[in-house]
Amino acid sequence: MTTNTEASTIAPDNEAMAQFWTGERGAAWVERHDAYDAQLGRYTEALVAELAPSGNEAVLDVGCGTGFTTHAMAHLLGPGAAVGVDLSPTMVNAARTGLPTERISPRVAVSPRVAVSPRFEVADAQVANLRQLNDGAAFDVVCSRFGVMFFADPVTAFANLLAAAAPGARMCFACWAALEDNPRFTSPQEALVPLLGPVTDPPQPPTPDAPGPFSLAAPNRVEALLGEAGWDDAATQTLTSELYIGGPGTVDEVVAFLLTGSVLRSVLSRHPHLAAPAHDALTEALAPRHDGHGVRFGATVHLVTARAR
């Protein structure tokens with residue numbers, strides 16, 4: 001296996017994933033990044049609490065997207081370094097525009113020192129020379145908020161992350177548990193099946209172990225992959241909580257988020273006459289779940305930790 005190549009290199013088996021996140025899907029995420037971060041911010045908080053980066057430490061954020069978690073980590077450093085990497089130039093370009101500090105949750109402690117300005121690079125963490133992005137130095141902390149489930153070769157990817165890590169470095173990442181434990185993904189789809197079924201392929205269950213949101217849903221598999229890659233002390237903590245789709249907001253705001261900031265966007269762009277009926281169907285399905293703050297669903301997420309040898 002080839003690893004530690006130039007940062008801009010994308011492994012051939014990750015090209016399709018890079019194109020997916022660079023194209024319409026990436027553009028939709030960038031457009032609605034505030035809503036995604038409001039939805040997923042609690043998991044950034046969990047990563048920060050677990051890793052507690054500080055001082056001169058160097059942090060690597062894998063699959064950084066538009067940079068929310070990288071910024072949260074950087075706010076705890078001084079002087080240190082924070083580097084976010086992502087396959088998607090669309091995401092990285094958005095991250096480089098910078099995020100205002102008020103977007104960082106008040107529950108994430110902010111260092112009284114001057115915050116480090118994070119750097120963002122387009123890189124395939126499966127094969128890139130990641131130390132090169134930190135002026136040749138190793139990273140003390142490796143983190144990811146739902147960014148490590150998409151590798152075509154996870155053992156090679158985690159081994160490459162280990163190669164970038166300093167001895168004793170700590171890693172923590174959040175990944176989704178099983179699809180059936182996360183109805184936020186299935187309930188909106190089910191509400192739209194009668195409407196979109198005639199113009200779309202039927203939803204397929206995720207292929208076990210294939211790259212995708214649920215590829216690391218089995219803790220035993222995750223811990224085995226990390227051990228094979230050379231990490232020590234791999235452990236999984238399962239977080240069962242609730243999240244608001246698109247963050248707190250009205251039913252109309254949540255429906256707009258789903259229609260314009262998700263995979264539904266591409267379907268409705270091809271069938272615009274279905275936009276109004278889809279809005280009505282989602283409104284009917286989600287309104288009973290609005291609790292006065294937002295549309296709430298149960299969520300199950302794994303927080304996986306490991307240490308570099």
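Trainee: Which residues does Leu162 touch, not counting residues up to four places away in sequence?
Mentor: Leu162 touches Ala229, Gly230, Trp231, Ala308 and Arg309. Contact here means heavy atoms within 4.5 Å. Bear in mind that this is a predicted model: local features need pLDDT of at least 70, side-chain atom pairs count only at pLDDT 80 or more, and totals for chains, interfaces and linings use all residues. Residues are numbered from 1 along each chain as its sequence is written, and side-chain values use heavy atoms, with hydrogens and water left out.

Trainee: Is Leu162 buried or exposed?
Mentor: Buried, with a relative accessible area of 19%. Buried means under 20% relative accessible area, exposed over 50%, partly exposed in between (1.4 Å probe, protein chains only).

Trainee: New topic. How many aromatic pairs are there?
Mentor: The structure holds 12. Rings of Phe, Tyr and Trp (its six-membered ring) pair if their centres lie within 6.5 Å; planes under 30 degrees apart count as stacked, over 60 as edge-to-face and the rest as tilted.

Trainee: What about Trp21 and Trp29?
Mentor: Their ring centres are 6.1 Å apart and the planes sit at 75°, so the pair is edge-to-face. Trp21 is buried at 14% relative accessibility, and Trp29 is buried at 15%.

Trainee: Which residues form the aromatic cluster?
Mentor: Phe20, Trp21, Trp29, Tyr36, Phe150 and Phe257.

Trainee: And Phe185 with Phe214?
Mentor: Edge-to-face, because the centres are 5.2 Å apart and the planes are at 80°. Phe214 is buried at 16% relative accessibility, while Phe185 is partly exposed at 24%.
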